[in-house]
Amino acid sequence: MARKPVRHLVLDNEAAQALSSTRAGDTQRAVVVAAIVAANGRVVVPTAVRVEAGWRRRDHGAAKANRLVGDDVPLDRVDADRAVQLRRLVPAASVVDTTVAVAAERVAVDVAGAVVEVLTSDVADIFALAAHVQVRMDVVAL
Amino acid sequence: MDESFTAAANRALEERIREFARQRAFAAHFDRFPEDRPRLAAVALRRVGRTGHPAAGHVHVVEAVAEWIEAREPDWVVHAADETADHVLRYVEMIVAGVGIRPTSVA
């Protein structure tokens, strides 16, 4: 019998912004919502992504996004060191992209064989980072 | 493991409340934006992406099973998204493994 698949989800900036969209027929928002439904592991947003996307959890308009993506992945001392390490390997990656890769490593640390989906519009840089992280990443274009 | 019954109860309650809030958020979202409601087959296939699960190689079977379940449980995405996607994958795994199919007799 196949092992039950575990799929985590990490949102990048554009995905975080799309989730807050109130425009009818927003196809990017639909993709983000589908990814959240498909994830049966942790669904997180790195704190640096929230800053870039302007997602303040205490804002009234953030209630829905808060309920669908309740967990932040902060950048502590150890994670910052890891981000520096990854950025040296992929200099073209932005600071925020690097924190997305670090978050992917953090969320999947407890489950062997888990997949971490990263939903991003910056596929090239995240894909380059995925080659260096210690988890199986599925980079999905938004 | 939790260190006490109280810790276990608190953790279970917190998880249940978070799940309830998530369900309510999905329900409100799909009421407002029905076009965002995903197809069950798409969710099941996305769940197995890069996992090596046998369903990933049998898209047409996933489509058929998901369509069958979706017709019977139209509100799956609000009330039981995780479980319903799991059911699809389990049924596909059974079909692909040949469970319930009588072997062809050899003369």
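Guide: Helices are runs of H or I in DSSP with at least four residues, strands are runs of E with at least two, and both are numbered from the N terminus. This is a predicted model, in which local features need pLDDT of at least 70 and side-chain atom pairs count only at pLDDT 80 or more, while totals for chains, interfaces and linings use all residues. Residues are numbered from 1 along each chain as its sequence is written, and chains are lettered from A and ligands numbered from 1 in the order in which they are written.

Visitor: What is the radius of gyration of chain B?

Guide: The radius of gyration is taken over C-alpha atoms, and the globule rule is 2.2 Å times the number of residues to the power 0.38. For the 107 residues of chain B that rule gives 13 Å, and the value for the chain is well over this, so chain B is more spread out than a compact globule, with a radius of gyration of 18 Å.

Visitor: How far apart do the C-alpha centres of domain 1 and domain 2 of chain B lie?

Guide: Chain B is divided into domain 1, residues 1-36, and domain 2, residues 38-107, with bounds that come from an automatic or database domain assignment. The C-alpha trace of the chain spans about 65 × 40 × 25 Å along its principal axes. Between the C-alpha centres of the two domains the distance is 25 Å.

Visitor: Which element gives the most to the side of chain A that touches chain B?

Guide: Two residues are in contact if their C-beta atoms, placed from the backbone, lie within 7 Å, and by this rule 21 residues of chain A are in contact with 24 residues of chain B. The elements of chain A that give two or more residues to this side are α2 (27-38), α4 (63-68) and β5 (136-141). The one that gives the most, with seven residues, is α2(A).

Visitor: Is Gly49(B) buried or partly exposed?

Guide: Gly49(B) has its place in the loop between α2 (40-47) and α3 (59-72) of chain B. A residue is buried if 20 or more other C-beta atoms, placed from the backbone, lie within 10 Å of its own, exposed if 12 or fewer, and partly exposed in between. Because 15 other C-beta atoms lie within 10 Å, Gly49(B) is partly exposed.

Visitor: Which residues of α5(A) are buried?

Guide: Helix α5 (residues 77-89) of chain A has 13 residues, and on one side of α5(A) Arg77(A), Asp81(A), Val84(A), Gln85(A) and Arg88(A) are exposed. The buried residues of α5(A) are Arg82(A), Ala83(A) and Leu86(A).

Visitor: How many of the 13 residues of α6(A) are buried?

Guide: Among the buried residues of α6(A) are Asp97(A), Thr98(A) and Val107(A). The helix is largely enclosed by the rest of the structure, because the number of its 13 residues that are buried is 10.

Terms used:
The expected span of a helix is 1.5 Å times one less than its number of residues.
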